Amino acid sequence: MRIVLKQEKRLYVLENSIPNASTENAEEKVRNEHQRHVDDNEQNTCVMLASILFELQRQYRNMDVHTMIMHLKEIFDEAS
């Protein structure tokens, strides 16, 4: 998964938090970065859901990619 995200230049979504653009007075650059991050996060979530088993898709369909990765890490770290 990380390979695909790196190739698509979207790995930053897993590594960085979403820039805060919650105020109306936020600069356009910050708003654009925020929106790009949100859009890339959604695309990453779709790619990840498409690459996992259907049973896991149903379990994770309402999570963002970062939450999904953290949960999967917990599960597989416990299993090993």
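Start with the surface. Met-1, Val-4 and Val-47 make up a nonpolar patch there, with about 200 Å² of accessible area together. A patch here takes residues with over 30% relative accessible area and no salt bridge, with nonpolar side chains joined within 5 Å. A salt bridge would be a side-chain nitrogen of Lys or Arg within 4 Å of a carboxyl oxygen of Asp or Glu. Areas are Shrake-Rupley, with a 1.4 Å probe.

This is a predicted model: local features need pLDDT of at least 70, side-chain atom pairs count only at 80 or more, and totals for chains, interfaces and linings use all residues. Numbering runs from 1 along each chain as its sequence is written, and side-chain values use heavy atoms, with hydrogens and water left out.

Back to Met-1. It sits in the segment before α1 (2-7); helices are DSSP runs of H or I, at least four residues, numbered from the N terminus. Met-1 counts as partly exposed because its relative accessibility is 33%. The cut-offs: buried is under 20%, exposed over 50%, partly exposed in between.

Now His-37, in helix α3. Is it buried or exposed? Buried, because its relative accessibility is 3%. From Met-1 it is 36 residues away in sequence and 18 Å in space, C-alpha to C-alpha. Beyond four places in sequence, His-37 touches Tyr-12, Val-13, Asn-16, Ser-17, Ile-18 and Pro-19. Contact means heavy atoms within 4.5 Å.

Last, Leu-49. Leaving aside neighbours within four places in sequence, its contacts are Gln-57, Tyr-60, Arg-61 and Met-68.

Technical notes:
Helices (H or I, at least four residues) and strands (E, at least two) are DSSP runs, numbered from the N terminus. Buried means under 20% relative accessible area, exposed over 50%, partly exposed in between (1.4 Å probe, protein chains only). Patches are made of residues with over 30% relative accessible area and no salt bridge: like charges are joined within 9 Å, nonpolar side chains (Val, Leu, Ile, Met, Phe, Trp, Tyr) within 5 Å.
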